[in-house]
Amino acid sequence: MGVVVQRGACVGAGQCALVAPDVFDQDNDGIVLLLEPDPEGAILLAATRAARLCPARAITVAQP
Amino acid sequence: MTRAARVVVVGASIGGLTAAETLRQEGFDGEIVLIGDERHLPYNRPPLSKQILLGDWEPHQAAIRTAAEAADLAIELRTSCSALALDVAAHLVRTTQGEIAFDELVIATGSEPRRHPLLSTALTLRTMDDALALRDEMRSARRVGIVGAGVLGSEVASAARKNDTDVVLVGRSGALRFGAVGTLLSKRLVALHQNHGVRLRLSESILGAERTANGTRVLLADGDETVDLLVAMIGSTPRTAWLASSALRIADGIVCDSAGRAAPGVSAVGDVAAWEDPFTGLPARVEHQSNAIEQAIAVAIRIVRGQLGTAPVPLFWSEIHGTRIQACGWFPSDRTLVSPAGEDAPSPSLLQSTDDEGRVRGVVGWDAAPREFRAARGTVLTATSILTPS
């Protein structure tokens, strides 16, 4: 699995769902929801950028 | 492609850590030394005044990297190590653990709370240790006094009220502030505190404080308050004292160009850095976590690839008495916030700041649904932002 999220660490900043809306969403409390655990190509790049921007480091993206 | 052999990052909070990690992810294969003066591994600061203070989280839940994770990225992480001086010309940092030479230096030493000259015994909040001390004191305090009308003061008031404690919030100005939004949300914040039983004493002059048998008496122009716990949150100052003998230009923070360069081979990011504002051309500090992250990414990419990034769009959020308040963009103090839905909505969950041409420069979400606020953010962001979806 390429993308892993730790919901317990999430602080709900929403950066991930903004830069990679195909991979991440937020629940009603703002906590991250993983939509696509195995993105490819440009979407994988966007997920990587989301991981970098996450203030809680709640996203891990395994690089292929 | 790699130009520098050793990058030294001073400051191991989110800005410094992000710079170090991004360097590695961008393919930098030289040495990275990350030094921090706290005993803790890098942790996330915003939860200190929220989850940690409320007792909902233990310290390990705010940690952002383990020593093993740093080692996996071949980042040499030195905790409990303070930078003492910088020699720009010699490319040398002097620290409590010896001198370190660098090819590139990233300064991310952040800011520290301003001390109130008349309230030397008041607690404050910046570090994990501060937050744990404050949390423990709050558990037994029946009366809490908070000095400072900024967002941290509001957050501490909110955390203290959770225990049904008597809470008084004292501010010198007549309005409550919310980060980059300034006083534009003051009316709503005042109502929010009042609805949750916080006593507000605004436009108040503080004359001093003294210990009595019955607690700490805070001397105010319009009548004293006696409290068990006194907290002062009156802003912060950039941590630049260690740079006094360096050749860097220090004003309110380290003066940088719009790409974060302070001198050849020296960059600064986060609370300590005053990057040239792309709109005003003047150096300005932005004390928001997202800003530290985006500046750190931009600097790391510049060091590795030689490419210039773009200026971050400020993003800030808080939770006060259970109300989630988010702000994104710029909020000139002379532009009142308006509802994008028009004036009819009595208490809209979205507000925006617009310029003379009607372009949206900032948006505020007041208990807005996450998706609703995200959509609104999209109206602010420009095509040049690194946050633009690809």
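In this predicted model, E25(B) pairs with strand E26 (residues 360–366) of chain B in the antiparallel sense, over five bridges. Strands here are DSSP runs of E with at least two residues, numbered from the N terminus. Two of them pair if DSSP finds at least two bridges between them. B:Thr354 stands opposite B:Val360 in E26(B).

That pair belongs to an open sheet of four strands, in the order E23-E24-E26-E25 (chain B), with antiparallel pairing. E23 and strand E25 (350–354) of chain B are the edge strands, and each pairs on one side only. On average, neighbouring strands of this sheet are turned by 15° against each other, direction ignored. Strands of a sheet pair through backbone hydrogen bonds.

Residues are numbered from 1 along each chain as its sequence is written, and chains are lettered from A in the order in which they are written. Local features need pLDDT of at least 70, and side-chain atom pairs count only at pLDDT 80 or more, while totals for chains, interfaces and linings use all residues; side-chain values use heavy atoms, without hydrogens and water.

Next, the pocket. The second largest pocket has a volume of about 620 Å³. A pocket is an open set of points on a 1 Å grid, reached by a 1.4 Å probe, with protein on both sides within 12 Å along at least five of seven lines; lining residues have an atom within 4 Å of a point. Its volume is the space filled by probe spheres set on the points. The lining has 34 residues; B:Lys50, B:Gln51, B:Glu319, B:Gly322 and B:Arg324 lie nearest the centre. Elements giving two or more residues include strand E23 (315–320) and strand E24 (323–329) of chain B. H6(B) gives the largest share, four residues.

Two helices also pack together. Helix H1 (residues 14–25) and helix H8 (residues 289–305) of chain B meet at an angle of about 30°, with their axes 8 Å apart. H1(B) is therefore roughly parallel to H8(B), a term for angles under 35 degrees. Helices are DSSP runs of H or I with at least four residues. Axes are lines fitted to C-alpha atoms, and angles run from 0 to 180 degrees between N-to-C directions.

Finally, the cavities, where the probe fits but cannot get out. The structure holds four of 30 Å³ or more. The largest cavity has a volume of about 110 Å³. Its lining has 16 residues, with A:Cys10, A:Ala13, A:Gly14, A:Cys16 and A:Cys54 nearest its centre.

Key
Parallel < 35°, antiparallel > 145°, perpendicular 65-115°, else oblique.
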